[in-house]
Amino acid sequence: MPHLYSCPVCRIESRPYALEEAAQRQGQRHRDERHGGDHPHGETIQEVPYQLPDTAQLRILAAIVAVVLFALIIKAF
Ligand SMILES: [Zn+2]
């Protein structure tokens, strides 16, 4: 499951990261840049569900699949 860093003091959430360690590194960067390295009250690393790809990503995937299928058909003949 992806993870994100949340800082309630700044009212921000990071983008989701595939690894929890990456979300923790983002949290450390945020603390260093915005809070002088201190831990803001209530900060958390949260597990978030996987997100389905959006329409633009699906179009790119469909184009890649079409090119691969076209290449396989050409190679077969
Ligand atoms: Zn903050």
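A: The UniProt annotation "transmembrane region", taken from an unreviewed entry, covers residues 56-74. In this predicted model, that stretch is 100% helix and 0% strand, with its end C-alpha atoms 27 Å apart.

The protein has two helices and three strands, which follow one another along the sequence in the pattern β-β-α-β-α. The radius of gyration is 20 Å, well over the 11 Å that the globule rule gives for 77 residues, so the protein is more spread out than a compact globule. Along the principal axes, the C-alpha trace spans about 65 × 20 × 20 Å, and 8% of the 77 residues count as buried.

The three strands form an open sheet in the order β2-β1-β3, with antiparallel pairing. Its edge strands are β2 (12-13) and β3 (44-47), each of which pairs on one side only. Strands of a sheet pair through backbone hydrogen bonds, either parallel or antiparallel. Between strand β1 (residues 3-7) and β3, the antiparallel pairing extends over four bridges. Within this pairing, His-3 stands opposite Glu-47 in β3.

The sheet also has a helix against it. Helix α1 (residues 20-34) lies across β1 and β3, and runs at about 25 degrees to β1. For the protein as a whole, among contacts between residues at least 6 apart in sequence, 45% join residues at least 24 apart.

Key:
Residues are numbered from 1 along each chain as its sequence is written. This is a predicted model: local features need pLDDT of at least 70, side-chain atom pairs count only at pLDDT 80 or more; totals for chains, interfaces and linings use all residues. UniProt positions are given in the numbering used here, feature names are shortened, and annotations may be inferred rather than shown by experiment. The radius of gyration is taken over C-alpha atoms; the globule rule is 2.2 Å times the number of residues to the power 0.38. A residue is buried if 20 or more other C-beta atoms lie within 10 Å of its own, exposed if 12 or fewer, and partly exposed in between; C-beta atoms are placed from the backbone. Two residues are in contact if their C-beta atoms, placed from the backbone, lie within 7 Å. Two strands pair if DSSP finds at least two bridges between them. Axes are lines fitted to C-alpha atoms, for helices over the stretch in contact, and angles run from 0 to 180 degrees between N-to-C directions.
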